Amino acid sequence: MSEESIKVAVRVRPFNQREKDRNAKLIIKMHGQSTFISDPKLSQDEAKQFSFDHSYWSHDGFTELPSGILEPSNSSSPYASQQKVFDDLGRDVIKNAFDGFNCSLFAYGQTGSGKSYSMIGYGANRGIIPIACDELFQQIEKTKNSSTRYEVGVSMMEIYNEQVRDLLTQDFPKGGLSIRQHPTSGYFYPQGLRVVPVGSYTDIEHRISEGTQNRTIAATNMNATSSRAHTLVTIYFDQFIKDVHGDTKKTSVINLVDLAGSERNSSTGATGDRLKESTNINKSLSTLGNVISALADISSGSKRKIVVPYRESVLTKLLQNALGGNSKTVMIAALSPADVNFDETLGTLRFADRVKRIKNTVVVNENPMEKLVRELKEENDRLKLLIDTGKYNLQLEIQPGMTNQDIELMRKEMEEEIRSQIQANQQILQNSKTSWDLKLKQAQSNDKQSSIPLDKKIPCLANLNEDPMLSYVICHCLNTDEITIGNRNSTICFNGLNILEHHAIIRRVNSTSHELIPGESGSKIKVNGYNLNGVTKLQHKDRILFGASHVYVYLNVLNEKESSEDLPAVITWEFAQKEIAKAKGYSLGNNLTVEQEEIQEKILSLLPLLSEINAISEELNKYRVFETVLMPISSWVGVVVKGSKIMIKMKNLLNQNVWYWDDVKFVNRSFIIKEHYQKFLDGDEEILYIAKEDDPFWEPVEDLLLGTANVFLQSLAYSLDFADEICIVDYKGLEQGRLSINLCPCSPNGKVLNEEHFVEQPEELLDKSYSFKIFMRFIEINDERYNKGLRIRYKVFNELEFSETNIICRHTVCANIKQSRIITIPHVDNNWLDFFENGCIIFQVLAVQEESKPDTGLLKMTTRDLKKIEQKQDNTNLLPVNHSNSTLPGDSKLKSELTLLHRKYTRLEQKEKRIQQLCREWETSHDYHKFYKTLSAIAFSSGTKLKTTTAAWDEHYRKLALKQRRESHVDRLGARRSSHGSVVNNSVHISSANITDINQNISQTHNQSSSAVSNFDGRSASVQQKLSQQESVNDLPMTNPKPTNKFIHTNSTTKPEKMGSEKSSTSCTIQ
């Protein structure tokens, strides 16, 4: 007995094509046994360092041999090949197995990081599992002799959603295999798992291929996501050694585990979702992390009394022996090199760092055969006695507070486990009486019957899967004149969503071609992305979608020349999904920005899931339909943010209520929905009558974001007011209504400032106190469906919380809002000026929704019927496109700029007229002091008044006097006498020049304004609608904005200045 730490290695893969297209940055470096990771947001000097037993660099520095094998490009290349990884890790596994130790090797990392490549391999580059199996039988051949006999068995299972599936059989019991605990050793095992005898590496290869095929069939039929499943290949290696003392059995169990993708919870769990804890999809990995942390703490001696939570998930139960038990364990952590995956990669490194601290106690599993048989018989006798006498009740771990029902349930479970163990022991005793050669012969005979080699010249349907390892695994040969496809009594049987009993027919037209025909009305079939409505002739490499999830490619080398030359050499799942997306109207292309690339990836990943969830909604008759929408981030969060985000729109077909979910929440719900659907398929009809709070399709009603109205603030930068009717635009760019808004500079108490406070340059406002008023006058909505009420909310500058109105527009589509809010800025800085000149206030208009009772006539219809009606009425489930009645996103900004130009034009025109008048007065009266005083006042005034104010002239004269005092009295008198005439002449000359420049500026401004007006396509008429024409009046108070931080203080004005007939006013100081 010895204590040994788990051996840990990390391996980084090359950039994939998607990362190359994005020009991804490398964040991983390796030196010896150390691995360094750099945060792309920080400098390279702050890289984090981790040390492991092995750090494998497989990112670059390799070359491909003619055989397809990847090898280091030269002797100095650090590239770690598949063989290098096996030599370091796999050979120890084989050696330990021959020594009689249990061995475990598992791969950990996020989806797409290279776990399966290291474990299974791809093409000629075999992974650890196939190389280890091959090496095992080579060692058997080398060491075989008359005194030693070897027996090798293999099992293959998958853990998905806390259910265990045996992959070496096509029988999938409801709920999966039961997990039992051995009453003596305490370890867990799957009851009824098939262990198949194998006599060569070829046998193992066939069994793994068979398991992969069954895994693909199960994943397709059950709508499972392969990246969320754990695959366990177990090799049972027994050595029977004869000596003078008798036969001795040396046993080794080799567990080879390919774990599911270890995405972060924030990427896969739904933050804020009421059902986020209801899914089992991430339970295994989260529990595995807790087990690793507990074992690491125990090994370090910091927490000796901690309980390791093996029992909390199926995966950790089955890995109990590998982690903290009797096993020599190796873990390989797969790393992504791209900066976009920094958080996931850092999490993987931290996980591996904890694993390396775990220590296992290992012993050789070697016992005499007679002793083993005797112990099995004695154990069976003891277990039978426990049942007969009922003494096993004494072994129950009764906890305080347990009811009699809980205790009875525990007693039944204990009795069932004892009976299952008796049955397993009896099976072992029975197998020991059957010769190994006979068992091996039977297994090989069954394998030959099931594995018939395929003739590539025969046309066939080959499956496509999101996991490249599972694509082209299933092939249905079209070797008869007519092939029927359906969910029963068909040539090819498909199970799953939207598969009908007589779904499709493939008929042979001649010796080289086939045609595809829908089997019955309502069959959902897509060929090359488009719905199939009649007969179509199939071409080589045609992509076919049966139902919601069965994606196949038609392969026919006999008419290969007829296929399109634009098709790739190998059709992939991603290619087929892009094709479906394009057929639905999504615009997908190349040379995209990083943001566009991310959105495209999300769309392609969500579309198959949307299809499945919509199909489940139909089958369970949930009256819900889902679709993707592209929502501007600024519209959703209410502040100016660049970019868009994918949202899932869920619609209730009975009352037309709508909800928007982000993609994270939708993915989380989809797993729960699939769990419920699987229970329904397993015969649990109670799932149809669960409480609405537990139903993943149900969501409490919430206000619907109807659209936004963006009000730009350039006028405030010049201390001018702005009033207009702003279009309320939805995520598609369609106009949903209009909101009348007025922005005007004011005093802190709300008194509107006149135009005399106009400033020529926004910088004149710096370091000064400034107040402005936001006045919402009127709102009108186009669609009468939203007459249950509206709310309007917005944020100003750095506010963290919304200012929100109460409900308006009850039982009407228009209302006078009549409310204002005063914003006071103690000191205007450059941030505020930038906000005025380039920012805007986004007014979100929210429609109130109610949980109304549906029409009884609609309840008589099915979800499928209502979807057909919905599609006929509104076929707008595509990404936004240009509509003839849509409002351009820049219209509001253009109107604001146009208003500002008109104001500037008016003031320049007034200045010009006044200067011309002064010139005419100068010709008749040469009063220099009066002329100079008036001309200076005009230069400093806004131009709205023909005469200057005394204060303006006094300020100018004071500055001039201060300058003159610096000179001597004599020079001052001389300068004043000698300069009178020249000053007057120069002043007149300058004024004439100013007049010429002003004329040119006015002409340019007038042309720009006219051009801008002409671009509004006649919309100015609707903008000039008078407020008095509206009949409905709904007055309401403004909800006071809450203080958001120490710089924001809000007070209600006791006697606010009235503007029009406003109902209420609030004031707010923002620093």
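How many helices and how many strands does the protein have? There are 26 helices and 45 strands, where helices (H or I, at least four residues) and strands (E, at least two) are DSSP runs numbered from the N terminus. The model is predicted, so local features need pLDDT of at least 70 and side-chain atom pairs count only at pLDDT 80 or more, while totals for chains, interfaces and linings use all residues. Residues are numbered from 1 along each chain as its sequence is written, and side-chain values use heavy atoms, with hydrogens and water left out.

Begin with the whole protein. Of its 1071 residues, 49% are buried; buried means under 20% relative accessible area, exposed over 50%, and partly exposed in between (1.4 Å probe, protein chains only). Among contacts (heavy atoms within 4.5 Å) between residues at least 6 apart in sequence, 70% join residues at least 24 apart.

Next, select residues 573-583 and 594-620, which are helix 13 and helix 14. Their axes come within 10 Å and cross at roughly 90 degrees; axes are lines fitted to C-alpha atoms, for helices over the stretch in contact, with angles running from 0 to 180 degrees between N-to-C directions. Helix 13 is therefore roughly perpendicular to helix 14, a term that covers angles of 65 to 115 degrees. Show the side chains of Trp573, Glu574, Gln577, Lys578 and Ala581 on helix 13, and of Gln600, Leu604, Leu607 and Pro608 on helix 14, which make the contact. These residues divide into five nonpolar, two polar and two charged.

Move on to the largest nonpolar core, which has 52 residues. Such a core is a set of buried Ala, Val, Leu, Ile, Met, Phe, Trp, Tyr and Cys residues joined through side-chain atoms within 4.5 Å. Leu739, Phe772, Ile774, Ile779, Leu790, Phe836 and Phe843 touch the most other members. Strand 39 (residues 770-781) gives the most to this core, with six residues. Centre the view on Leu790: leaving aside neighbours within four places in sequence, its contacts include Leu706, Ile779, Ile807 and Val845. A second, separate core of 48 residues can be located through Ala260, Leu285, Val314 and Phe351, which it includes.

Finish with two backbone details. Ser719 has a positive phi of about 60 degrees although it is not a glycine; Ser719 lies in the loop between helix 17 (714-717) and strand 37 (722-729), and counts as buried at 8% relative accessibility. Lys818, also not a glycine, has a positive phi of about 50 degrees. Select strand 42 (residues 814-825) to find Lys818, which at 17% relative accessibility counts as buried.

Definitions and conventions. Parallel < 35°, antiparallel > 145°, perpendicular 65-115°, else oblique. Nonpolar A, V, L, I, M, F, W, Y, C, P; charged D, E, K, R; others polar.
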